[in-house]
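Open the model in your viewer and show it as a cartoon.

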Amino acid sequence: MATVTYRCPVDPDCPSVSDRPAFCDDHVVPLERAAMTAPPPEPAADREAPAEPGPAAVARECPPVALVFRGRVLPVPADGLELGRDSPACAGVPGLAGLRQVGRHHARLYWHEGVLTVVDLTSVNGTFVDGREVRVPEPVPVGSTLRLAQDVEIAVREIDEFGMPRD
C-alpha cells in the first residue's frame, strides 16, 4: 500500500520525515501550522464500507491531496477517508459534531486507479461534487468543491511536501 510521507515543515534540509503533515521529530512546529492539521485518520472498523477497489488499486501511487475544511487540512491517505460526524478523521474539525445535517457516516473518499473518488453512504441530505449530487461513485478532481448536505463545503486541494495546501 502506498504511503504519504511529509518532510519537515521548518527546515527544508532536515532529513526527518513523518506520516503526519506539519510534524517533525527534530523541530518544534509553529503552533499555527500544527493547528491547521488533523490527526491521521483511523479506519472505521465497526462499519462495512461499500464495495471499493481491491488492494491492487489502493496500492497505486496516489497524488498528495487533502480536504480543506473549517480551518483544518485532512490529507486523503491511500486507504481513503470517511467523512461524517462520527468519523475519526473528522474528530478534530471544530463544530462538525453539532451539524445535524451531516450524517454520522456521510460519505467515503477512496482512490480508484489513481483518481480520488467519493461515494455517498446513503446520507439523508446528500453529497455533492461542484454542485452535482453524488448518486454513484464519482471522481473528485483537485480544485473541486465537495459539499455535504446543503452548506458544508470542503475544498479539495493538492498539498505540498509539508502537508500544506497549494494555492
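Accessible areas here come from the Shrake-Rupley method with a 1.4 Å probe. By that method, the protein chain has an accessible surface of about 8800 Å². Carbon and sulfur atoms hold 51% of that surface. Keep in mind that this is a predicted model.

**Stop 1: the whole chain**

Color by secondary structure. The protein chain has two helices and 12 strands. Along the sequence, the pattern reads β-β-α-α-β-β-β-β-β-β-β-β-β-β. Now color by burial. Of the 167 residues in the protein chain, 44% are buried.

**Stop 2**

Select strands E4, E3, E12, E11, E8 and E9. These six strands form an open sheet in that order, with antiparallel pairing. Strand E4 (72-75) and strand E9 (132-133) are at the edges, each with a single partner strand, so one side of each has no neighbour in the sheet. Strands of a sheet pair through backbone hydrogen bonds.

**Stop 3: strand E3**

Select residues 65-69, which make up strand E3. Is E3 largely enclosed or open? Four of its five residues are buried, so E3 is largely enclosed by the rest of the structure.

Pick leucine 67 and find valine 156 opposite, in E12. Then pick valine 65, whose bridge partner in E12 is glutamate 158.

Now turn to E4. Four bridges join E3 to E4, again antiparallel. Phenylalanine 69 stands opposite arginine 72 in E4. E3 and E4 form a hairpin with two residues between them. Arginine 70 sits in the turn and has a positive phi of about 55 degrees.

**Stop 4: histidine 106**

Select histidine 106 and show its side chain. Histidine 106 lies in the loop between strand E5 (81-83) and strand E6 (107-112). Buried or exposed? Histidine 106 has a relative accessible area of 0%, so it counts as buried, the cut-off being under 20%.

What does its side chain meet? A polar atom of the histidine 106 side chain lies 2.9 Å from the backbone nitrogen of glycine 103. The histidine 106 side chain also makes a polar contact with the side chain of serine 123, at 3.3 Å.

Finally, show the surroundings. Beyond its neighbours within four places in sequence, histidine 106 is in contact with residues including Leu83, Gln101, Asp120, Thr127 and Leu148.

Terms used: Residues are numbered from 1 along each chain as its sequence is written. This is a predicted model: local features need pLDDT of at least 70, side-chain atom pairs count only at pLDDT 80 or more; totals for chains, interfaces and linings use all residues. Side-chain values use heavy atoms; hydrogens and water are left out. Buried means under 20% relative accessible area, exposed over 50%, partly exposed in between (1.4 Å probe, protein chains only). A polar contact is a pair of N or O atoms within 3.5 Å; within protein, one must be able to donate a hydrogen and the other to accept it, and residues adjacent in sequence count only if both atoms are side-chain atoms. Contact means heavy atoms within 4.5 Å. Two strands pair if DSSP finds at least two bridges between them.
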